[in-house]
Structure formats: structure tokens, C-alpha cells
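Colleague: I would like to learn how to read a protein model. Could you walk me through one, feature by feature?

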Amino acid sequence: MSPNKKELQIAALQNGTVIDHIPSEQLFKVVSLLDIEKLKTPITIGYNLDSKKMGSKGILKIAGKFFEQDEINRISLIAPAVKLNIIRDYEVVEKKLLQLPDELTSIVKCNNPKCITNNEPMKTHFQVIDKKNVTLKCQYCELKIKKEDIVLL
Ligand SMILES: [Zn+2]
């Protein structure tokens, strides 16, 4: 593929956020976690694009939107290797690598039906006790939740 053709996989963005290196199978989950379908600005969704590193990847280009850290943290659970480029005047002014935060508030549901967070109108709060394998611990009932058992709110 020529360099020009490669660039044409995605359109240029004047101001906004490019989320790159999304595993293709997680692309629509990322869209939903970031509430992108509620935005009114132009959004380009690239799906099953060629990637040397990943084989196949997804990319999101969101005009006029700059995410807050806690919004971004939501996707670090399902797409930890994602790269965010902040674009202003067609230039990348900032690159962000996602990192799983030490704590997650109001992102994950506690899997213990007796946990107070499932019985009172309150926020869930988890500590990330193992960032490599992704294990969370509920601050209230101390239940440990492994990556494959995580249920997002
Ligand atoms: Zn709990």
C-alpha cells in the first residue's frame, strides 16, 4: 500500500480527538462506553482497517470533542493499548496513552448481589489491585473481580 493510500483510510480532522489502535472487536464497545452516539459533531468510524501491529484495528475521529480523563479511563478496561491524539488546527498537539487508573468510580458493577452498591443508590468504587492481569477489588464488600468477570455499568 502506498503512503498516500494509507492516509486515505481516514479523513483529516481539524480539531478533536483521534482514538487509534482500537482492537476491531472492541470498537463498538468503545463507541458505547464513550457515549459517542450522543454527540452532535462529525464522527468518522474506521472499522477493520489494516494495521501492521495488530492485523486489524478500529479508529475513531471525533470532531470538536476533547475527553475528560475519567471518560477516557472507561475504555482502558477493554482497550488498554489505545492511543489518543489530540488535534488542534490539523496538528497533533498531544498524545495520550491510556493507563488503567488505580481506582475506578462508577464504571464497573459489583458482582456481589449483597453488596451495598447493588442495594443503595450509590456509586461503585473499585481499587485496581492487579494492573497487568486486571483484577479489581470492591471497596465496600472487598469482592475481587477478574478481567473476564467485569461488568460495566
Ligand atoms: Zn461490592
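Modeller: Gladly! Let us begin with a term: a polar contact is a pair of N or O atoms within 3.5 Å, and within protein one must be able to donate a hydrogen and the other to accept it. Please keep in mind that this is a predicted model.

Colleague: Thanks. Which side chain makes a polar contact with the side chain of E103?

Modeller: That is H125, and the contact between the side chains of H125 and E103 is 3.0 Å. The side chain of H125 also makes a polar contact of 3.0 Å with the side chain of T105.

Colleague: Is H125 buried or exposed?

Modeller: Buried means under 20% relative accessible area. H125 counts as buried because its relative accessibility is 17%. Leaving aside neighbours within four places in sequence, H125 is in contact with several residues, including L104, K137 and Y140.

Colleague: Where in the fold does H125 sit?

Modeller: H125 is found in strand β8. Strand β6, residues 103-105, pairs with β8 in the antiparallel sense over 3 bridges. Within that pairing, E103 has Q127 of β8 as its bridge partner.

Colleague: Which other strand pairs with β8?

Modeller: Strand β9, residues 135-138, pairs with β8, residues 125-130, in the antiparallel sense over 4 bridges. You can find two of the facing pairs yourself: F126 has C138 as its bridge partner in β9, and D130 stands opposite T135. In this hairpin there are 4 residues between the strands, and V134 takes a positive phi near 60°.

Colleague: Which strand is joined to β9 by 3 bridges?

Modeller: That is β10, residues 144-146, and β9 and β10 run antiparallel. Here K137 stands opposite K144 of β10. The hairpin of β9 and β10 has 5 residues between the strands, and E142 takes a positive phi near 70°.

Colleague: Let me step back. How many helices and strands does the chain have?

Modeller: The chain has 3 helices and 11 strands. Along the sequence, the pattern reads α-β-α-β-β-α-β-β-β-β-β-β-β-β. The C-alpha atoms fill a box of roughly 55 × 30 × 25 Å along the principal axes. Of the 153 residues, 39% count as buried.

Colleague: Now salt bridges, please. What is the general idea?

Modeller: Side chains of opposite charge can pair when their charged atoms come close. By the rule used here, the count comes to 4 salt bridges.

Colleague: Which residue meets K57 in a salt bridge?

Modeller: The side chain of K57 meets that of D20, at 3.0 Å from N to O. This pair links distant parts of the chain, with K57 in strand β3 and D20 in strand β1, 37 residues apart. K57 counts as buried, at 11% relative accessibility, and D20 is buried too, with a relative accessible area of 13%.

Colleague: Which residue meets K131 in a salt bridge?

Modeller: The partner of K131 is D102, at 2.9 Å from N to O. K131 lies in the loop between β8 and β9, and D102 in the loop between β5 and β6, so the pair ties together parts that are 29 residues apart in sequence. K131 is partly exposed, with a relative accessible area of 41%, while D102 is exposed, at 51%.

Colleague: Could we look at a nonpolar residue next? Is I75 buried or exposed?

Modeller: I75 is buried, because its relative accessible area is 1%. This residue is found in helix α3, residues 69-76. Not counting residues up to four places away in sequence, I75 touches I19, V30, L33, L34, P80, V82 and L98.

Colleague: And the surface? Which residues form a nonpolar patch there?

Modeller: F28, I45 and Y47 form a nonpolar patch on the surface, and together they have about 300 Å² of accessible area. Y47 is found in strand β2, residues 43-51, and counts as partly exposed at 40% relative accessibility. For the chain, the accessible surface comes to about 9500 Å², of which 49% belongs to carbon and sulfur atoms.

Technical notes. Residues are numbered from 1 along each chain as its sequence is written. This is a predicted model: local features need pLDDT of at least 70, side-chain atom pairs count only at pLDDT 80 or more; totals for chains, interfaces and linings use all residues. Side-chain values use heavy atoms; hydrogens and water are left out. Patches are made of residues with over 30% relative accessible area and no salt bridge: like charges are joined within 9 Å, nonpolar side chains (Val, Leu, Ile, Met, Phe, Trp, Tyr) within 5 Å. Accessible areas come from the Shrake-Rupley method with a 1.4 Å probe; for residues, only the protein chains shown count as cover. Buried means under 20% relative accessible area, exposed over 50%, partly exposed in between (1.4 Å probe, protein chains only). Two strands pair if DSSP finds at least two bridges between them. Contact means heavy atoms within 4.5 Å.
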